[in-house]
Amino acid sequence: MTALSQVNSKLQAVVVGAGFGGLAVALRLLARGYAVDVLEKHEDLGGRARTFELDGHRFDAGPTVITAPFLFAELFERFGEKLEDHVTLLPVAPFYRMEFVDGSHFDYGDTTDAIVAEIERLSPGEGTCYQEFLTAAEAMYERGFVELATRPFTRVSDMLEVLPDLVRLRADRSIYQFVSQFFRDERLRKAFSVPSLLVGGNPFRTSSLYALIHALERKGGVWYVQGGTGALIDALAKLFERHGGRLFTGQSVERLEMTGLKVSAALTEQGERFGADLLVSNADPLYVYDNWIARTTVQRLADSHRGRLKQSMGLFVLYFTTHRTYPDIEHHTIVFGDTFREILTQIFDQHEVPGDLSLYLHRPGATDPSMAPDTGDAFYVLAPVPNLQGDQDWEKLAPVLEQRIIEILATRLMPDLRQQVRATRSISPVYFRNELNSPYGSGFSIAPTLTQSAGLRFHNQSPRYPNLFFVGAGVHPGAGVPGVVCSAGVVERLVDRAFPLQPMTEVQPDDIAMSGAK
C-alpha cells in the first residue's frame, strides 16, 4: 500500500502518554511523516482508559462509551484502513436510564419520538419543549464542537474572534440555567444537565456551551466497543505500530532535557534518553510544568496562577462482580441522590464527601455479554467526590464508601446485592494522582467553566517552550473522549505552523516502516 503524506524530513516527535489523546496525536504525526516514539509509564496502555483484571474478568478502568466514532474512523482512514475492520461498535439503548429518589425514572433514548414520549410520561405537557431544547443544543454543537473543537487558541485575538458568538449563545449561563429555560420539572432539569459531570463540570457552574454533549450524542450515537473500551486502545496501538511508530512501555519520564527554551529530549527514570525535535505530552500540563521542567524562582512565581485554577471533582470508582445476572439493569444508569445542588456544593466548593451520593452505574454485559462472567454480572459504579484539595484519608474512607455504595444500590435497584457481591476493587482520587499524574487527584483536570475554556485553558502549545505541545483533558477543547481526541487535531495544526511541511509526496511502505528508526 502507498500512503500519501506530507513529509517533514523525519523529524523526531516524542509523545508522552498512551491514552486516547497520546495515541491520537501520535497517529496524526506519523501520518504526517514524522518519526514518532510513544513513551508510557505503565506496562499497559490507555491512561484513564486502562484495563485491569478482577475475579478473572477484564474491566475498563475509565471511559465506558464512545460518542463520536467518526473521530476514530478518521485516524484509520489516514492510513487507508477502516475502523470497522478492527473493532466492532455496539449501539447502547437506551443511552441512559435516570433513576430518581421518588421511584420514577427517565430513559434517555436515541430518537426524538422516544425522548418526547419519556418526557410526557414523566411530566405531561413538557414534551413539546424538547425540540426547542434540541435546536438550541445543536446550535451549541455547531459552534462549540464542529467549528471550535480543533481550532487552536494561543493568542488573545483568538478568543476575541469568537467572543461575539459566545455572547450570542449566552455561554455565560450555566448548563443548568440553560436547561431550565425549557423544562419546569426538576427531574428533567437534572437529567439534561447532568452530562456536564461526565466531563468534570458542576452543572451549576459549567458553561451552557456544554449542552453540545446532548447534540453530539444524538448525532453520533452512544456506542460500546465489543470487548470493552480497552479493545479500541489496543486497535489504535496496533495501527500505530503497523505503520512504523514505536511504543515504549514501562518508561516513566523523570524530566525534560532543555536546550535553551526548546525541549531536546525526554529523560526517563529507567535511564533512557529519547531525543526530540518536538514533544507532545498527554500528561496533565500542571504536572509537566511543576515536575519535568527546571524553572527559576522567578519563573515559578510567574506560573503560580496555574495552581489556583479551579479543578474538576475527584472520582471514587467501585468495580464488582456478582454471582447472578441483573437483566433489569440497563447498560448505563444514573442514580440521583436526595439532593442535587447541595451535593455538588459539598464536592466542588467545600471539598467534603456528601452523605447523600449520586451514582453512575455501568453494566457492560447489557450490551456485550462477553464483558460479564458466565453465570454472573460485572459492574462499575462511579461516585463524584472531592479531589485531593480536601483532607480525606482515602485509605480509611475507601472501604466505608464501598459499603455505602452497595447499600444505595441495594436499597434503590438491586435488593439482594449484599448477598450477591462476589469480588470488589475500588480506586480513589489517590489513584488519579499516583498512577495518572493528576496533581490534585482530579478526574478530569481543570473544571470546564467559561473562564477555563478554549484559550483560557492550558494552551495546546506551550507559550514559553515552542516545541512543547499538550493533548488531553486539561487543554482545549476539554475532557471526555471526544474532547481529548479532538485535542490531537489541535496539536497537529499547531505543529504544522511550527514546522512547515514539505510538498505532498508519496511515502512508500518501507519509508513508513523506517520512520521509527533512531
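How many bridges join strand 7 to strand 8? Four, in this predicted model. Strand 7 covers residues 96-99 and strand 8 covers residues 105-108. The two strands run antiparallel.

Let's look at one pair. E99 has its bridge partner in strand 8, and that partner is H105.

Now the turn. The hairpin of strand 7 and strand 8 has five residues between the strands. Within this hairpin, G103 takes a positive phi near 95°.

Next, helix 8. This helix spans residues 212-220 and is mostly covered. Eight of its nine residues are buried. Here are the names: L212, I213, H214, A215, L216, E217, R218 and G220. Note that the buried set includes H214, E217 and R218. Just after helix 8 comes G221. Its phi is positive, about 85°.

Last stop, S312. Where does it sit? S312 lies in a loop, with helix 11 (297-302) on one side and strand 15 (314-322) on the other. Is S312 buried or exposed? Buried, because its relative accessibility is 1%, and the cut-off for buried is under 20%.

What does the S312 side chain reach? The backbone oxygen of S445, at 2.8 Å.

To recap. Strand 7 and strand 8 are joined by four bridges. Helix 8 has eight buried residues out of nine. S312 is a buried residue in a loop, and its side chain reaches the backbone oxygen of S445.

Conventions:
Residues are numbered from 1 along each chain as its sequence is written. This is a predicted model: local features need pLDDT of at least 70, side-chain atom pairs count only at pLDDT 80 or more; totals for chains, interfaces and linings use all residues. Side-chain values use heavy atoms; hydrogens and water are left out. Buried means under 20% relative accessible area, exposed over 50%, partly exposed in between (1.4 Å probe, protein chains only). A polar contact is a pair of N or O atoms within 3.5 Å; within protein, one must be able to donate a hydrogen and the other to accept it, and residues adjacent in sequence count only if both atoms are side-chain atoms. Two strands pair if DSSP finds at least two bridges between them.
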